[in-house]
Amino acid sequence: MDEQSSLLALFTSSFLAATLLPGGSEAVLVGVLLAYPDLHWQALILATTGNTLGGMSSYLIGRLLPDEKAVLKKAGGTARGLEWVRRHGTPILLLSWAPLIGDLLCVAAGWLRANWLWALLFIAAGKFARYWVIATAVN
């Protein structure tokens, strides 16, 4: 796969991994960095951007849900994410990268009508930090 195709695959996998769909983009990032070490920063930025946009799509889903029962149904019946976002506010979205709870936190923040700009910033920061650790370990 050439550089452009690799970066497109990384962006796509990063976006999809951050939605309510299952999947992981870490392996794709590692593959791109091993094949093209000179694309370190481009890969890091594209992975972060794709994953952040995916997280914001979950936030948007939360904004569109009409009531708490709908949020609980999307979250698998637990109000834990809602409680965390209520208690800690948008900074809890630094954990939006975490498996299982990350999507829930993004949906909860949307449903609670957390400020979208702060949500975006905290989601991006958390996701960048995770990818930066992985990229640094590879190099």
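Is the crossing of H1 and H3 right-handed or left-handed? The crossing of H1 and H3 is right-handed, where a crossing is called right-handed if the near helix is turned clockwise from the far one by less than a right angle, and left-handed if anticlockwise. Before going further, please keep in mind that this is a predicted model, in which local features need pLDDT of at least 70 and side-chain atom pairs count only at pLDDT 80 or more, while totals for chains, interfaces and linings use all residues. Residues are numbered from 1 along each chain as its sequence is written, and side-chain values use heavy atoms, with hydrogens and water left out.

Let us start with the overall plan. The chain has 7 helices and 0 strands, and its pattern along the sequence reads α-α-α-α-α-α-α. Helices (H or I, at least four residues) and strands (E, at least two) are DSSP runs numbered from the N terminus. Of the 139 residues, 42% count as buried, meaning under 20% relative accessible area, with over 50% called exposed and anything in between partly exposed (1.4 Å probe, protein chains only). Among the contacts in the chain with a separation of 6 or more, 76% join residues 24 or more positions apart; a contact here means heavy atoms within 4.5 Å.

Now back to the opening pair. Helix H1 covers residues 3–17, and its axis comes within 7 Å of that of H3, crossing at roughly 30°. Axes are lines fitted to C-alpha atoms, for helices over the stretch in contact, and angles run from 0 to 180 degrees between N-to-C directions. The crossing angle therefore makes H1 roughly parallel to H3, since angles under 35 degrees count as roughly parallel, over 145 as roughly antiparallel, 65 to 115 as roughly perpendicular and the rest as oblique. On the H1 side, the residues that meet H3 are Leu7, Leu10, Phe11, Ser14, Phe15 and Ala17. Their partners in H3 include Leu46, Gly50, Leu53 and Ser57. By class, the contact of H1 with H3 has 9 nonpolar, 7 polar and no charged residues, with Ala, Val, Leu, Ile, Met, Phe, Trp, Tyr, Cys and Pro counted as nonpolar, Asp, Glu, Lys and Arg as charged, and the others, Gly among them, as polar.

H3 also holds two threonines that are worth a look. Thr48 lies in this helix and counts as buried at 10% relative accessibility. Leaving out residues up to four places away in sequence, Thr48 touches Ala124, Lys127, Phe128 and Tyr131. Thr48 and Tyr131 are 83 residues apart in sequence, yet 7.0 Å apart from C-alpha to C-alpha. Thr52, also placed in H3, is buried at 6% relative accessibility. With the neighbours up to four places away left out, Thr52 touches Leu120, Ile123, Ala124 and Lys127.

Next comes H7, and its meeting with H2. Helix H2 (residues 26–35) packs against H7 at an angle of about 40°, with the axes 10 Å apart, and the two are therefore oblique to each other. H2 passes H7 in a right-handed crossing. The contact brings together Glu26, Leu29, Val30, Leu33 and Leu34 of H2 with Arg130, Tyr131, Ile134, Ala135 and Val138 of H7. It divides into 8 nonpolar, no polar and 2 charged residues. Arg130 of H7 counts as buried at 13% relative accessibility. Beyond its neighbours within four places in sequence, Arg130 is in contact with Glu26, Asn51 and Trp97.

Just after H6, Arg113 takes a positive phi of about 60°.
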